[in-house]
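Colleague: I would like to learn how to read a model like this one, feature by feature. Please give me the general idea each time, then the case at hand.

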Amino acid sequence: MSDTPHVYDYVVIGGGTAGSVIASRLSENPDVTVAVIEGGPSDVGRDDVLTLRRWLGLLGGDLDYDYPITEQPRGNSHIRHSRARVLGGCSSHNTLIAFKPLPSDWDEWEAAGAKGWGAVPMEAYYARLLNNIVPVDEKDRNPIARDFVDAAQQALGVPRVEGFNSKPFTEGAGFFDLAYHPESNKRSSASVAYLHPVLDERPNLRLYLETWAYRLELDGTRAEGVHVRTKDGEELFVRARSEVLLCAGAVDSPRLLLHSGIGPKADLEALGIPVTHDLPGVGENLLDHPESVIVWETHGPLPENSAMDSDAGLFVRRDPGHTGPDLMFHFYQIPFMDNPERLGHERPPYGVSMTPNIPRPKSRGRLYLTSADPSVKPALDFRYFTDEDDYDGRTLVDGIRLAREIAKTEPLAGWLKREVAPGPQITGDEELGEYARRAAHTVYHPAGTCRMGAADDELAVVDPELRIRGLEGIRIADASVFPAMTAVNPMVGVLMVGEKAAELLGGGA
Ligand SMILES: Cc1cc2nc3c(=O)[nH]c(=O)nc-3n(C[C@H](O)[C@H](O)[C@H](O)COP(=O)(O)OP(=O)(O)OC[C@H]3O[C@@H](n4cnc5c(N)ncnc54)[C@H](O)[C@@H]3O)c2cc1C
């Protein structure tokens, strides 16, 4: 154990999406000292990370924690959950599709006990974001993606949307907004937007890179700081004079709490982990956006241009009584064959995919530990497609049927040679459902495992000011606090959680 004191006003655990925002905002005040404990290396100067279109190459590589999931009796047990091990976190790994959460998303949070997080007050935090959020640039709009948008509009009668963030929507087809710099295809991740410009200018901001936080230290009910291990194996204690901010993401925030004895008492005792604070909700309410895939072979190779190979999409509302969209699609100008291939479908030389996605899935999973050893990965049981009336599974079947309607419609139809997976012979509800669930993948949106809620919510982990219930000097700010999944892709919501957390702490605009 090093004798050097490592004492700061704020200790941010995880220099990821939310953590970068918070560290940047808090350190705007030169009188405040901030430490960031980040498990991964810097992304500065790393083209493999900073070039958005190289995102697929990061999956499963050395910058990926790569979490397996437990056996999924009704789903695809082969799914691996990528989680980025690099400054900027998953915003340095992801496709940077940037949706402002819909008003109905925030209002659902407020109704779930997140007082003060409704659509009206949350609007201000979107305006503060420093990321360069722009529609996919004209030069990056691939002709086949343009034709997908036209065909979807005609086949389903949905409006064309130019700028999904300009006003709330329930339906529409169009090119996404992305957090990127079109001229260089460089990411506008949380680290690029919030940390890179200030790294050399703020002596009050210290990054501990490639340093792993393995146990929180409590003095009674007050969080004192965190025990960390550096890349060279040195063990340090980093103390927070004011507060600890836990920003390690929806997998690693609950994991660190559980290894610190903060969680469901009986589970911790069964593993021999000394209980420091009984908190039954830690690891519960594991959410995701599952999606399936339908793949077509094209008549030949496609034009090359793109921002990141999935630049356009579609939202549909099947149930007019539903608030917000209830079915979403990404359009990929590549054949997304990993799961269909495992099920026996042959990879075509050229192709495209549509991926029906469940904006508001009803199945709920759980994260738990299987060992007291902090180096053992936690178990992720998403319980995909286990909701009582199979709403989730049926949504994917509806999605495949709608995708086929779009594929039959010009100008897209002329590009497509044949349906590769599941194949035109698969038409019945049952067979389509079986295929859709077995070929399902994730778009890597785990959330909800330390959910925010009201004082009478036994399973809430944080209160609406993001403070861990029953403890002092520690808050959580990342995707784990989501009480419910946003209907849209969650990253902008996470950035806004970061901005709001900074404000609660007295930093930022
Ligand atoms: C491949 C992929 C594609 C995606 N595409 C999109 C998309 O296009 N649009 C969208 O909206 N969302 C997308 N997402 C989801 C989105 O990126 C995440 O929801 C969001 O970035 C999560 O932010 P976070 O702050 O909760 O966690 P993260 O950004 O994961 O940050 C956590 C940080 O904590 C660090 N850390 C974890 N544990 C420890 C520890 N014990 N000690 C020290 N450091 C630790 C990690 O290294 C990481 O930097 C995608 C995700 C992935 C992986």
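Colleague: Which residues are closest to the ligand, and how many surround it?

Modeller: A residue counts as near a molecule if its C-beta atom, placed from the backbone, lies within 6 Å of it. Here 39 residues surround the ligand, and the closest are Gly-14, Gly-16, Gly-89, Asn-94 and Met-491. The elements that give two or more residues to this shell are α1 (17–26), β10 (212–219), α7 (249–259) and α12 (491–504). The largest share, 4 residues, comes from α7. Before going on, note that this is a predicted model: local features need pLDDT of at least 70, side-chain atom pairs count only at pLDDT 80 or more, and totals for chains, interfaces and linings use all residues. Residues are numbered from 1 along each chain as its sequence is written.

Colleague: What is the make-up of the shell around the ligand by class?

Modeller: Ala, Val, Leu, Ile, Met, Phe, Trp, Tyr, Cys and Pro count as nonpolar, Asp, Glu, Lys and Arg as charged, and the others, Gly among them, as polar. On that basis the shell has 18 nonpolar, 16 polar and 5 charged residues.

Colleague: How does the radius of gyration of the protein chain stand against that of a compact globule?

Modeller: The radius is taken over C-alpha atoms, and the globule rule is 2.2 Å times the number of residues to the power 0.38. For 509 residues the rule gives a value near 23 Å, and the protein chain has 22 Å, which agrees. The C-alpha atoms fill a box of roughly 70 × 50 × 45 Å along the principal axes.

Colleague: What share of the residues counts as buried?

Modeller: Buried means that 20 or more other C-beta atoms lie within 10 Å of the residue's own; 12 or fewer means exposed, and anything in between is partly exposed, with C-beta atoms placed from the backbone. Of the 509 residues, 53% count as buried.

Colleague: Which residues of β2 are buried on each side?

Modeller: In strand β2 (residues 34–37), Val-34 and Val-36 are buried on one side and Ala-35 and Ile-37 on the other, so both faces are covered.

Colleague: Which strands does β2 pair with?

Modeller: Two strands pair if DSSP finds at least two bridges between them. Strand β1 (residues 6–13) runs parallel to β2 and is joined to it by 4 bridges. Strand β9 (residues 205–208) also pairs with β2 in the parallel sense, over 4 bridges. Val-36 of β2 stands opposite Val-12, and its bridge partner in β9 is Leu-207.

Colleague: What is the handedness of the unit made by β1, α1 and β2?

Modeller: With the strands pointing away from the viewer, a crossover is right-handed if the path from the first strand over the helix to the second runs clockwise. β1, α1 and β2 make a right-handed β-α-β unit.

Colleague: Why is one side of β5 and of β8 left without a neighbour in the sheet?

Modeller: The open sheet has 3 strands in the order β5-β7-β8, paired antiparallel. β5 (133–135) and β8 (186–187) stand at its edges with a single partner strand each, so one side of each has no neighbour in the sheet. Val-134 has Leu-178 as its bridge partner in β7.

Colleague: Where is Met-452, and what does it touch?

Modeller: Contact means that two C-beta atoms, placed from the backbone, lie within 7 Å. Met-452 is in the loop between β23 (441–442) and β24 (474–476). Met-452 counts as buried because it has 27 C-beta neighbours inside 10 Å. Leaving out residues up to four places away in sequence, its contacts include Ala-114, Leu-466 and Val-481. Met-452 and Val-481 are 29 residues apart along the chain, with their C-alpha atoms separated by 5.2 Å.

Colleague: What is the phi of Leu-466?

Modeller: Leu-466 has a positive phi of about 70°, although it is not a glycine. Leu-466 lies in the loop between β23 and β24.

Colleague: Which peptide bonds are cis?

Modeller: Among them are the bond from Glu-410 to Pro-411, with omega near 10°, and the bond joining Ala-421 and Pro-422, with omega about 0°.
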